[in-house]
Amino acid sequence: MSNYEPIRRSLSVGELLSSGARYVVPMYQRNYAWEEGEITQLIADVLDYLDSGRNYYIGTLVVSVSTPVDFEVIDGQQRLTTLSLLAAFLKNRLDPSCSLLGKVSKPCLDFECRPASRRILEFIFSGGNVQRFSMPESSDSSTDDVGASHAIEAGYRIIDRVLSQK
């Protein structure tokens, strides 16, 4: 028997992404892998619920507390990464006064052992054009990490394409 007592909290997406907390994807987690089907479905679900005025349960994010503001992501990384990309898209494309996802100015997501993934996410949040992003030649990233950063870039392009059509 353990003394572990789970804490359950419900947060809006805006609260989650703009709280000042940092969510770290540990080395043992798989790379970001959502493709068009999953991303499009999440966007469609969110838009359907926005129109209805009802709350949408987006799923569970399971974390382990590292420090008062640092959390290790145990489960929910795919959704959290996609929501971060969606927040970056809205930040980059909408009027800055729009509060749809809160005041999200930088990514709350970090990758323990994937510097290329961290760099592409920061680049996207800064408003950089993903078509012009290139990994520095003296990259400290593994081939696996570079592949993961390409998946993050592709996710952002999918969001751009899907939302530009809506």
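Visitor: In which sense do β2 and β3 pair, and over how many bridges?

Guide: This is a predicted model, in which local features need pLDDT of at least 70 and side-chain atom pairs count only at pLDDT 80 or more, while totals for chains, interfaces and linings use all residues. Residues are numbered from 1 along each chain as its sequence is written, and side-chain values use heavy atoms, with hydrogens and water left out. Strands are DSSP runs (E, at least two residues; helices are H or I, at least four), numbered from the N terminus, and two strands pair if DSSP finds at least two bridges between them. The sense for β2 and β3 is antiparallel, over four bridges.

Visitor: What is the order of the strands in the open sheet?

Guide: The edge strands, each pairing on one side only, are β2 (62-65) and β4 (109-111). With mixed pairing, the four strands have the order β2-β3-β1-β4.

Visitor: How many residues apart in sequence are the parts that Arg 22 and Asp 110 tie together?

Guide: Arg 22 and Asp 110 form a salt bridge (a side-chain nitrogen of Lys or Arg within 4 Å of a carboxyl oxygen of Asp or Glu), with the closest N and O atoms 2.6 Å apart. Because Arg 22 lies in β1 and Asp 110 in β4, the pair ties together parts separated in sequence by 88 residues.
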